[in-house]
Amino acid sequence: MMGKLLEQLKAVLPEKLWVPDELAQLYQWIEQQGYYEDYDDGHRTGFLYPDDKLEESWKDDERQGGTIILFNANRNDGLRYWFGLEEDTPEICQRLCVFARTGAEGSEAALWLDDNGELKIVHMGSGSGSILSCVLAENMVDFLRLQAIGYDEICWNEEFPYPPNHQQAGNSMYIHPNVEFQQWVQTTFNTTIPTTALEIVKHPSEMGERDSEDAFCRWAEKQSN
């Protein structure tokens with residue numbers, strides 16, 4: 001039986017895109033653990049750590065839970081606004097699908113079909129906070145590994161050269177790792193957890209970089225007004 005998180009994502013997925021098996025496995029794990037909330041509008045949002053325990057642990061200088069990221073499929077409307085357009089275009093709507101919120105200020109992660117027909121996981125900064133605009137991961141396993149590192153959020157590329165809680169990263173909040181999620185990623189996909197985000201995010205480009213080495217950043221700039 002298909003879980004609600006996966007069902008909601010498939011309902012908004014463009015024809016040319018697909019849900020990677022690893023993302024479907026993540027959604028199944030989230031729902032098996034009960035790490036989600038259903039809202040009055042019928043949408044379900046999934047978490048990597050129970051929301052109530054996160055709130056209980058939150059102090060002025062530390063918290064539990066590792067990386068905060070919200071998985072839902074109700075943020076894909078109005079992509080044109082991110083690109084500064086008056087209306088959505090087929091080029092955008094057929095190749096891009098938002099599936100997660102990466103930052104409290106509104107940054108998002110999306111599935112993106114690149115020019116070679118390969119599915120990548122990309123970051124769309126809010127512009128009012130993070131301006132990160134790039135391929136976050138070449139595949140879904142690497143995206144899961146990125147989240148397992150343990151940053152507060154994965155929208156702040158200035159932290160990427162450093163491990164979580166490094167003094168030079170500039171985050172005064174100590175983030176305790178989400179050990180349960182780390183172990184699930186390692187055992188399920190027979191992989192390891194990187195030390196820093198730059199081991200996965202090859203070109204952490206920002207909005208406005210028309211000559212970026214990152215394929216998504218270049219593509220997004222072409223689509224933007």
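Where is N178 found? N178 sits in the loop between β9 (174-175) and α7.

1. **Ground rules.** This is a predicted model, in which local features need pLDDT of at least 70, side-chain atom pairs count only at pLDDT 80 or more, and totals for chains, interfaces and linings use all residues. Residues are numbered from 1 along each chain as its sequence is written, and side-chain values use heavy atoms, with hydrogens and water left out. Helices (H or I, at least four residues) and strands (E, at least two) are DSSP runs, numbered from the N terminus.

2. **N178.** N178 is buried, with a relative accessible area of 6%. Buried means under 20% relative accessible area, exposed means over 50%, and partly exposed is in between (1.4 Å probe, protein chains only). N178 touches L48, Y49, G65 and G66, leaving aside residues up to four places away in sequence. Contact here means heavy atoms within 4.5 Å. N178 and L23 are 155 residues apart in sequence. Their C-alpha atoms are 18 Å apart in space.

3. What is the phi of N190 near? It is near 50 degrees, a positive value in a residue other than glycine. At 73% relative accessibility, N190 counts as exposed.

4. **Aromatic pairs.** The structure holds 15 aromatic pairs. Rings of Phe, Tyr and Trp (its six-membered ring) pair if their centres lie within 6.5 Å; planes under 30 degrees apart are stacked, over 60 edge-to-face, and the rest tilted. One of the pairs is W82 with F83, which is edge-to-face. Their centres are 4.9 Å apart, with 85 degrees between the planes. W82 is partly exposed, at 22% relative accessible area. F83 is buried, at 1%.

5. F216 is buried, with a relative accessible area of 0%. W219 also counts as buried, at 6%.

6. **A ring cluster.** Which residues do ring pairs link into a cluster? They are W29, Y35, F181, W184 and F189.

7. **Charges over rings.** R44 lies over the face of Y36, 3.8 Å from the ring centre. R63 lies over the face of W58, at 5.3 Å from the ring centre. A charge sits over a ring if NZ of Lys or CZ of Arg is within 6 Å of the ring centre and within 35 degrees of the ring normal.

8. **The largest pocket.** Its volume is about 260 Å³. On a 1 Å grid over the protein atoms alone, a pocket is an open set of points with protein on both sides within 12 Å along at least five of seven lines; a cavity is a set where a 1.4 Å probe fits but cannot get out; lining residues have an atom within 4 Å of a point. Grid points are joined across faces, edges and corners, and a volume is the space filled by probe spheres set on the points. The largest pocket is lined by 18 residues, and W112, V135, D214, A215 and R218 are the closest to its centre. Helix α8 gives the most to this lining, with four residues.

9. **The largest cavity.** How many cavities of 30 Å³ or more does a search of the whole structure find? It finds one. The largest cavity has a volume of about 60 Å³. It is lined by 11 residues, and Y151, E159, P164, N165 and N171 lie nearest its centre. N165 is in the loop between α6 and β9. Phi of N165 is near 70 degrees, a positive value in a residue other than glycine.
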